[in-house]
Every structure is written in C-alpha cells, then in structure tokens.
Amino acid sequence: GLFMQTIPFVDLHAQYRSIRDEVRGAMEQVLDSAQFILGEAVGRFERDFAAYLGAKHAVGVASGLDALRLALEAAGIGSGDEVIVPANTYIASALAVSATGATPVLVDCREDTYQIDPELVERAITPRTKAVMPVHLYGQAADMTSLLRIADAYDLDVIEDAAQAHGATFEGRLCGTMGRAGCFSFYPGKNLGAYGDAGCVVTNDEEIADHVRRLRNYGQRVKYEHLCRGMSSRLDSLQAAVLAVKLKHLDAWNARRKAHAARYSRLLEDRGVVTPALDSRATHVFHLYVVRTPRRDELQGYLSTQGIQTGIHYPIPIHQQKAYSDLAYSPGAFPVTERVAQQVLSLPMFPELTPQDIDRVVDAIVSFG
C-alpha cells in the first residue's frame with residue numbers, strides 16, 4: 001500500500017517522453033528562425049489543422065476563450081444581442097459571449113449525455129437571439145442535427161465550442177466544421193494540447209476568417225494599417241510547432257482514449273456508477289471519461305487514498321458563480337445541470353494509460369462499493 005504508484009488524472013510527462021525528439025526538433029527550428037510571432041510555423045500548422053478537419057480556414061489565436069470571443073465578434077455579435085449557451089459547460093463559453101458585450105442565455109442539459117438540450121434551446125430564443133453556442137462536452141458532439149435545424153429556422157449563427165472535441169465527429173462530420181465557425185482550445189491537457197495557452201478558429205467562411213485574422217493582430221492585415229479595433233491574440237510560433245508535431249499523433253491518441261473508455265465502461269457496468277452514454281450518431285474522443293454517482297465526494301476521497309487522482313467537470317455551475325450573479329438565475333433554474341454538478345466524477349484518462357491502470361481504478365471503485 002505504501003509504495004503505491006499514483007495514477008494521475010492526466011500524465012503529460014508520458015506523452016512528452018514518447019514524442020520528445022520530434023518536439024525538440026520542431027522547437028529548435030523555430031528558435032533558429034527567430035520568428036516567434038505569427039511565423040512560418042503558425043501558417044504551416046493552420047494549413048495542417050484546416051486540412052485535418054476538412055475546413056477551408058484555421059486561424060491560430062492565443063487561447064480557446066479568445067477563439068470563441070473573436071469568432072462571435074467576427075460574426076457581428078455584440079451589445080444588445082443574446083447568445084444561447086449550455087448551463088453545463090466551462091465558464092469560458094459564457095465569458096466569451098460577455099466579452100463581446102452580448103448576454104449569455106443559459107439552457108439546461110440532457111440527463112443522458114449531459115449535452116445542451118435542443119428543445120430548451122428553442123424555448124430560449126427571443127428576438128434578440130443572434131447565435132447558439134453548442135459545446136461538444138467531454139469529447140462527444142452535441143445534437144447538431146437538431147441544433148442546426150433550429151438555427152436555420154430562426155436564422156441564427158452556430159458557433160461551435162469544440163475545445164474538448166478535437167477529432168470527434170457527428171454523423172460523419174468533424175466537430176468544429178458544422179457551424180459558421182468552430183473554436184478550439186489547445187490547453188496542454190486537451191486531446192491536442194500545446195505547451196502553454198493556444199487556440200484556433202476554424203471556418204469555411206472567408207469573411208469570418210479574414211475578420212478573425214485582423215482582430216487577433218491589432219485590427220491589421222498590413223502592418224500599421226488598422227481596419228478595426230482589434231486586440232493582440234496570436235498563436236505563438238513555438239506553440240504552433242509543438243501542435244504540428246502532435247497533430248500527426250492525434251488520431252492514434254484518440255483511438256487509445258476510446259479503447260480505454262470501452263474498457264472502463266465494460267468493467268464498470270452495474271458497479272454502482274453511471275458510465276457515459278454514447279450517442280450512436282457521434283464518435284466520442286473522450287477528452288474526459290465522466291461517471292456519475294450520488295456518493296461522488298465520498299468516492300473521490302476514497303480514490304484519492306488509493307493513489308488515484310480524479311477531477312470534477314464542473315463543481316459549480318455558471319449560474320451559481322459569483323461572476324454571473326447579475327444574470328439573477330435562482331437555484332433550481334437548471335435542475336439537471338445542478339444535479340450533475342453534485343454527481344459527476346472524471347476518472348483518469350489520457351492515451352498512455354495502461355489496462356492495468358484502468359483495472360486498478362475499477363477495482364478501487366468496486367471496493368468502495
């Protein structure tokens with residue numbers, strides 16, 4: 001017991017060891033070129049990532065939050081507008097809307113997949129609604145068929161938050177390519193992660209791509225010609241070089257995540273936790289493997305004593321955060337999201353996990369009872 005190896009929630013060391021030489025070579029090239037901002041490495045990664053997704057444009061930015069914010073701004077969303085956002089998501093989804101001056105309108109999630117509920121989206125539409133922001137939570141696509149149909153009927157833009165869904169598909173289409181724009185985060189722990197903050201806006205819409213390119217770089221296409229009031233939100237050349245190396249491994253890593261998830265789900269069947277529900281129209285890339293139990297806090301504490309690290313995504317819903325007290329939602333406003341926040345637990349999940357690790361996690365959950 002005393003010399004038990006800890007099973008981390010995410011292990012970035014293991015991944016680095018497997019690609020160390022490639023990464024160092026790529027970074028070395030950038031250091032030698034001394035092009036650190038929007039250098040050739042950025043253009044190369046943007047082309048690679050767009051090609052991987054089958055999209056026309058990818059525009060690298062400083063973070064996933066900036067990707068969302070700039071995509072919304074490029075779509076013309078601002079003060080006085082409303083954007084529908086899931087209540088069950090990371091706060092960045094809502095913060096991006098707020099940053100444009102628009103108001104995030106929250107909508108509850110489904111009990112089975114925890115994804116935004118399209119029926120509730122339709123009910124939340126007002127004359128001020130300009131866009132819907134589905135979040136492909138945990139690595140599985142939201143119900144895009146329903147959402148695109150609703151958006152079409154009400155003439156709304158769809159801005160996808162694909163920050164957890166690199167390589168995930170819905171009815172054969174890649175997440176991030178179904179709406180007017182798709183937004184990615186390359187935070188280090190993501191399925192495709194940089195070695196620092198990084199993000200990207202993906203689109204087939206020339207106008208959106210151009211607008212985001214200007215916005216990320218002080219509002220200029222040509223140096224010192226400022227066409228709009230932009231900001232500084234650029235993907236660093238060093239991060240782009242790391243991402244280009246990792247992109248080649250993404251499908252293999254995702255395949256391993258899926259295999260790990262299948263093993264977890266098989267072994268955890270009827271073991272007192274609810275395993276992830278799979279939408280048959282989607283491929284799930286398991287950025288997170290999330291189970292559910294009414295005894296979540298006890299289970300998390302117990303696993304911790306067994307040397308097993310876990311996470312909670314997310315313990316306090318957006319509408320119960322102090323940051324959004326002005327939205328004035330009352331407790332019980334989003335019953336499913338509130339229930340889920342008390343019950344979800346994210347188990348260790350990363351490509352380099354071993355079957356033995358998974359067995360140990362499962363055995364601990366079983367012995368917890």
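**Ground rules.** I call a residue buried when its relative accessible area is under 20%, exposed when over 50%, and partly exposed in between (1.4 Å probe, protein chains only). Helices (H or I, at least four residues) and strands (E, at least two) are DSSP runs, numbered from the N terminus. I am working with a predicted model, in which local features need pLDDT of at least 70 and side-chain atom pairs count only at pLDDT 80 or more, while totals for chains, interfaces and linings use all residues. Residues are numbered from 1 along each chain as its sequence is written, and side-chain values use heavy atoms, with hydrogens and water left out.

**Helix α2.** I began with helix α2, residues 40–53. Which of its residues are buried? I noted Ala41, Val42, Gly43, Phe45, Glu46, Phe49, Ala50 and Leu53. Next I checked the length: the expected span is 1.5 Å times one less than the number of residues. For the 14 residues of α2 that gives 20 Å, and the end C-alpha atoms are 20 Å apart, so the two agree.

**Glu46 and its partner.** A salt bridge here is a side-chain nitrogen of Lys or Arg within 4 Å of a carboxyl oxygen of Asp or Glu. Glu46 makes one with Arg216, and their closest N and O atoms are 2.8 Å apart. The pair ties together distant parts of the chain, as Arg216 sits in helix α7 (residues 206–216) and Glu46 in α2, 170 residues apart. Both Arg216 and Glu46 are buried.

**Other salt bridges.** How many salt bridges does the rule give? I get 17. One of them joins Arg123 to Glu119, with the closest N and O atoms 3.8 Å apart. These two share helix α5 (residues 118–124) and are four residues apart, about one turn of the helix. A reminder to myself: an α-helix has 3.6 residues a turn, so residues three or four places apart point the same way. Arg123 counts as exposed because its relative accessibility is 62%, and Glu119 is exposed at 57%.

I also looked at Arg295 and Glu298, whose side chains meet in a salt bridge of 3.7 Å, N to O. Arg295 is partly exposed, with a relative accessible area of 34%, and Glu298 is partly exposed at 48%. Glu111, Arg292 and Arg339 turned up linked in a network of salt bridges.

Leu38, in the loop between α1 and α2, has a positive phi near 50 degrees. Leu38 counts as partly exposed because its relative accessibility is 28%. Is Tyr138 buried or exposed? Tyr138 is buried, with a relative accessible area of 4%. Its phi is also positive, near 65 degrees, and its place is in the loop between β4 (129–132) and α6 (144–154).

The peptide bond from His313 to Tyr314 is cis, with omega near 15 degrees. Tyr314 belongs to the loop between α10 (296–305) and α11 (335–343).

**A nonpolar patch.** For patches I take residues with over 30% relative accessible area and no salt bridge, joining like charges within 9 Å and nonpolar side chains (Val, Leu, Ile, Met, Phe, Trp, Tyr) within 5 Å. Leu31, Phe36 and Ile37 make a nonpolar surface patch of about 280 Å², with areas from the Shrake-Rupley method and a 1.4 Å probe, where for residues only the protein chains shown count as cover. Leu31 lies in helix α1 (residues 12–33) and is partly exposed at 45% relative accessibility.

**The whole chain.** Last, I stepped back. I count 12 helices and 12 strands in the chain. The radius of gyration is 21 Å, close to the 21 Å that the globule rule gives for 369 residues, so the chain is as compact as a globular protein of that length. That radius is taken over C-alpha atoms, and the rule is 2.2 Å times the number of residues to the power 0.38. Along its principal axes the C-alpha trace spans about 65 × 55 × 35 Å. Of the 369 residues, 56% are buried.
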